[in-house]
Amino acid sequence: MTDVTRFTHGSRIPGWDDSVDPNKAPAGIPDLATTPVPAELREEIQAEMAKYPVFRSALIPALHAAQRVHGWCSPEAIEQVAAVMGITPGEVAAVATFYDMFETKPVGTQTIYVCTNISCSLRGGPKILEAMRAAADGDADFNIRAFECLGACDMAPMASVNGEFVGPLAESDCAQIVADLKGGGEVLAAKQLRVRPCADEAGRVDGGQTTTSEVTQ
Amino acid sequence: MPRPEHNEITLTIDGRDVTAIDGQILVDAARGGDIEIPVFCYEPKIGGPVGACRMCLVEIEGIPKLQTACSTPVKDGMVVHTQTDRVKGAQQSVVEFLLVNHPLDCPVCDKGGECPLQDISYGYGGGKSRFIEPKRHFVKPLGLSPLIAIDRERCILCYRCVRFSQEVSEDHQLVLLERGASTFVATFDGHPYVAPFSGNIIELCPVGALTSRAYRFRARPWDIEGSGSVCNLCPAQCNVTFTVRDDRVLRVLSRDHDGVDDGWLCDKGRFAYQATHSDERITAPLVRDGDQLRPATWERAIQVASGIARHPGAAAAIVGGETTNEEGLLLGRYMRDTLASHDIDSRQGGALSAGVLRELARTDLQATVPDLEFAHTVLLLDADPVDDAPVLDLRIRKAARRNDTQVLVASGRPTALDARAAVAVRHAPGSAASLVLALDSALSGDHGAATNHATDAGSDLESINALADALKTGGEDVVIVWGERVTDGAGGEAAAKALVNISTTLGLGTREGSGLLELPRGTNGRGLREVGAIPTAGPGLSNPVTVGRSTDQIAAAAAAGEVTALWFLHADPTRDGRNTEIWTRAMASAGLVIAHASTLSPELAEHATVVFPAEAGAERDGTITHPDGRIQRLRKAIGSPVDVRPAAAIIARIAEVGSGVDLGPATGPAATEAVSAAVSFYAGLTVDEIGGRGLRWQDRDAATNLPAGDLNGESDAPVPAASPNGALRLGTYRSIWASPEVELSPALKFLSRRPTVELSPVDAERIGVIQGQNVDIGTGTDALRATAHLRSDVPAGSVFVESGLAAPGNLPSEGQLIEVSKA
Amino acid sequence: MSAILFDRIDEPGLNDIATYERRGGYEALRKALAQPREGLLEELKASGLRGRGGAGFPLGMKASFIPGADIDKYLVCNADESEPGTFKDRELMQKNPHMLIEGMIIAAFTVGANRSFIYIRGEYVLQADVLEQAIAQAKAAGFLGENILDSGFSLDLVLHRGAGAYICGEETGLLDSLEGKRGNPRLKPPFPANQGLFQGPTLINNVETLATIPAIIRMGGSEYAKLGIENSAGTKLVSVSGNVQRPGNYEIELGMSSRDIIFGLAGGPDEGREVKFWFPGGSSSPVLTAADLDITYDFDAMAKAGTMLGSGAIIVVDDSNSVVDVALTLASFYKHESCGKCTPCREGTNWTVKMLQRVQSGEATPMDLDIIASVQEQIIGNCLCVLGDAMAMPVGSLVAKFRPEFESHIEAARERNGLGLTPPPASEEPVLSL
Ligand SMILES: Cc1cc2nc3c(=O)[nH]c(=O)nc-3n(C[C@H](O)[C@H](O)[C@H](O)COP(=O)(O)O)c2cc1C
Ligand code: SF4
Ligand code: SF4
Ligand code: FES
Ligand code: FES
């Protein structure tokens, strides 16, 4: 576990060396009249805003939505969120840059978080990260990030592949994951968290096989 | 709303008994007992404590963990230790941590010598550092805006600047990005931090991370001296300290005055000092020679100006807002007593009768600036403080944020406080008077009249009722902030009476914290009125012997040849763009045009006969009167250029040379005494009594000398709002940045305004323009070309054109219909 | 042993309301709604349940701090679960979401809150989806919304997904985050019970804490209190991970021996490996060693051993690992997750990482270990929230307990680097100097 410079994802230093561009206008609250926002995104954000007693609470959900639409929290995405919510893009950016899941640089569409925190690194997490990077082989569509504990140390070393938790991973699984993603199918179906049984005897059900899936409404 | 109560308690700090106010923050209580607790992030001006820097940790008996003194309210009997080993250990730790990433570049840091981090490291640090890792290094300094430089290496993340942006100015532009040790102060996507109050963050920053680009490396603390005065650029009259080095102003700092500015300045007040030393400033008298104005000797300039004596009964004076009480009084005397002219005005929109003015000046109806903060309700009537008296915008925001004050807005143009408003009502531009009449009727339950006035105002009964209800139910303490433009035009007198009536209905006169607060257009609008620089009243708002002409009437009379000499004391009526054409004709036909100015508009350059260089703010002496009646002193911080003389001395000299009269003391304390002798309710006031903090005349015994008002005179009805028929209703606004000082100051030049027109998206679509395109306002050769700025909150049917520009075009009066077309 | 939270949790379809109700779900809610609020509060107090999120504050007492006044009050479920080594809430929410929802409705009814939120970490996509469906089912069944089961009580429940920040597990950081801000912790006082979400009184509890409430109501508080031992009542989910053979969540009665958990339940380290040290309550707890394995697993015993039960996450590190690596991994995590608001944590974590990097690469001396130790002491107790302490305490304990290993590591690394006579080889990936 010594050979990885840890938490490169935590060192998004860009910005520190940047001056402002005096030719830009000050970034006040964007007016919806002059800031086009895709109708669906706008409706989704407005629906989120309606859920809370104070609309500002919808900012993180709004950023999730904007990131889904734009692929990352681009300045344009941030301005759109700001316009719909009636706050400044500065406030939106302040929040977007605070949280790890918001991408503030353009990234690929396949998001893989490889856990490199304690329990995973005790079981080879950093090696998995390396193997995953090797498997993706520089494909710009793959956004592979070292990540902090994802709350699945029981399946260490593990990764979150487009939100699906898989583990325990062997280095050889990485190629499979990349292939599965490219093929557009299920990722490592047998190693998904949703089929992992409870470790505690009391949790088991005779003959039962746990699978968390959709329920009928 | 009741002001907080103050109960005294006693606590023990380091074994000493300290008397403090119950609930006071420990840091402040300790300071009151002469015990210093070091702080970085604590700054009560900004808001509540954040507990970020951890510099203020102290030991409080009974609490096991060290506590932050900046967030601890004191209680009776509390026992505090600030000198124990534990506390010292914590202080040394925090200093060591702060210096981990702080570059030790004090010798090249602009803050050196006046830096809290330097002082605290020296006073409370361990004196050595064990940090041997390479320090972080970044490019520096970087521009944060054209006014402010940021050095991110030096930032200690005290949160002050970003809190200011979120919690004081509420512009929400300056934020923290990233997190943890990567956190940095920045704006969105490299946009500059440009906002009316941005400069305050320079003063707030406890290290050299935020510095003034205009001041950087101009001086060290030991090279400079501070000179207290008052900013004379707008009616807010913030208290300032000029930083002076070698008789030049290098910087302006706030001189915290709770009764006036609450410790803040706008960027115009902070940076426009540069105009003082601008090469473009006029610093010698100019006299017309053919079609040119040429520098002339003082004798010659006075000689030419003295020609005014040959226009008895046909001379008129326009007095600009920055004129002092002394100058206004002197010029009024000369005009009235010697030149037998009553045509003197310091207002732009038409005159109110002396009786009504006295009624509006009633001491029981006068709200103060601190009243804004504690009112239950603040109603803005066709006023947008951020442009009209910027620092008051912050005070109202503070009230709304900290005291839940209800903000109500009724205005033509959307205001900066709309977002804070419980009710915001739009009236047609120029129809504020009808709106006030409607509100008055609605409050007294006359719905028929209210409906008619509301229609005249381009509004409706429902909106007016919403406003009236909010006023009635929002709590007893109501402050009505009204813009001078409410009383413009035909219905002005009626609107003023309605204002008094509204105050009576709401009982404002009976409550300490309630009342009216007018925002005049000019800095000293109130003082000039009170010393008699208006056509309808003599000094002390006395009934005039003869009522003279108002500004518009003077223009018309001069254009018609009835007025033959014009005196512009710190005024240039062509600059605001209203009736420019008449004024140009007026100046052209006048035989003599005297001006006092620092810069010349094209019209003045073409038509002035003699121009006297005006003193800059830091060069002036005299008194001005704040909109709430506080008389404040302008005090000379630096000497003027050799050929710049006080306007009062010039007036006195012209009177002497032209008419052979002695007007009495023109400058110095004696001139102020002349003012207090002339204005009955200022009686006995001396410069010593005014002192450094000023005082409100209403708080002195002489206030009772204010003669009774009179509401029984005739008044005309306002003109009903025009209904847009393809052409749009014209509204104008004057931005905080629309002033010659901004154009003259190198640092502020980037803010100089260009013609802009604000359109509703609906009208823009109809006309076929999009954001940023050019439009023509008006038709033919008179048309003004301006950039379209689309705003959802501009009501369809109205446009708002920026005024107060160097090349303002020629616009009809507010409220008239005007063609707007794609250029 | 009586399983309360994990009882047959793998039953297929338990996340469906029909299965949950068939197993007696939402009965506790009916029972609770028929009782006066004071009675419920007494049950919670009698249960002796201490918060399962980390601080171990008694639930009943916290709930009793919520003022009775008729104002807007809030209930927030802390499902941020980001403490390294902790994954118990995940399994609960994923497999038995209705138990949490039922617990929340009872808690909200008890304190008179009409709006509630589950703040779930954004990475838990599956669990959030499950909860969203479960909430919709509960709404459709009339357990949420207006006038629940004709009791006159109304409750709105919103699932709020976070976006990746450990500090949003800290209750006040969570509240700021839930208000749409950066997740910076707030000064306390005021405590959330007085001024929390949107400045209103707010009860904020961990998933496990809230999910236990239906059992308490069903059994009665004093009956529940019989589980576990004094001062550590009830059952607890323990997440065991790291170098053990059967990592996973186990429901235990508090007071069980730690050895039985680590070896008995989780199987202990691989054949031939020894326990070198273990974190008893998540990565923020000071470590214990093999010598401490017989300490019982409960709040008081852990406190007595100088550490804490924390979130109930045991991370076992065996003797194949270097203590230096673990210390650096740990410190880097906290450095990355420090919100940056207060000085000692922001600068202290940052500085500690830099020093540990030098220790690891052999550019340090034993004197640096003294500085590392003293920097940890300078952090502890001086921060705004306890994230700073959460690094300083375990790192401090590692340096104190394994100093010889640190020293020999430095020695060995220096030797590899030629005793510093030749410059050390440049590391391949440049470490950004920050
Ligand atoms: C840095 C930090 C992270 C925390 N993370 C969590 C968390 O992920 N989940 C949680 O329930 N409590 C977490 N806590 C504890 C909470 O602050 C709080 O004590 C807890 O949610 C209260 O719930 P309980 O009384 O039910 O335990 C954290 C505390 C700190 C200081
Ligand atoms: S720039 Fe200055 S005021 Fe702003 S956070 Fe940094 S040190 Fe504080
Ligand atoms: S201790 Fe760390 S995480 Fe907590 S407030 Fe301070 S900087 Fe933020
Ligand atoms: S350490 Fe990897 S999931 Fe927890
Ligand atoms: S001054 Fe108290 S924490 Fe900063």
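**Exercise 1. In this predicted model, determine how helix 13 of chain B and helix 14 of chain B are oriented relative to each other.**

Solution. Begin with the two elements themselves: helix 13 of chain B covers residues 432–443 and helix 14 of chain B covers residues 447–456, and their axes come within 8 Å while crossing at roughly 160 degrees. Next, apply the cut-off by which angles over 145 degrees count as roughly antiparallel. The two helices of chain B, helix 13 and helix 14, are therefore roughly antiparallel to each other.

**Exercise 2. Describe the surroundings of ligand 1, from its shell of residues to its polar contacts with chain C.**

Solution. First take the shell, which consists of 20 residues, with Gly53(C), Asn78(C), Asn205(C), Asn206(C) and Thr209(C) the closest. Sorted by class, this shell around ligand 1 holds 5 nonpolar, 9 polar and 6 charged residues. Strand 4 of chain C, residues 202–206, gives the most to the shell, with 3 residues.

Then turn to the contacts made by oxygen atoms of ligand 1. One such contact reaches an N or O atom in the side chain of Thr209(C) at 2.7 Å, whereas polar backbone atoms are involved at Glu81(C), at 3.1 Å, and at Arg52(C), at 3.2 Å. As for burial, ligand 1 taken alone exposes 610 Å², of which the protein buries 92%.

**Exercise 3. Locate the backbone features at Pro157(A), Pro190(C) and Asp247(B).**

Solution. The bond joining Ala156(A) and Pro157(A) is cis, with omega about -10 degrees, and Pro157(A) is found in the loop between strand 2 and strand 3 of chain A. The bond from Pro189(C) to Pro190(C) is also cis, with omega near 0 degrees, and Pro190(C) belongs to the loop between helix 8 and strand 4 of chain C. Asp247(B), although not a glycine, has a positive phi of about 65 degrees, and this residue is in the loop between strand 12 and strand 13 of chain B.

Note on methods:
Residues numbered from 1 in each chain as written. Chains lettered and ligands numbered in written order. Predicted model: local features only at pLDDT ≥ 70, side-chain atom pairs only at ≥ 80, totals over all residues. Heavy atoms only, no water. Near = heavy atom within 4 Å. Polar contact = N/O pair within 3.5 Å; in protein donor to acceptor, adjacent residues only side chain to side chain. Areas by Shrake-Rupley, 256 points an atom, 1.4 Å probe, with all protein chains shown as cover. Helix = DSSP H or I, 4+ residues; strand = E, 2+ residues; numbered from the N terminus. Nonpolar A, V, L, I, M, F, W, Y, C, P; charged D, E, K, R; others polar. Axes fitted to C-alpha atoms, helices over the stretch in contact; angles between N-to-C directions. Parallel < 35°, antiparallel > 145°, perpendicular 65-115°, else oblique.
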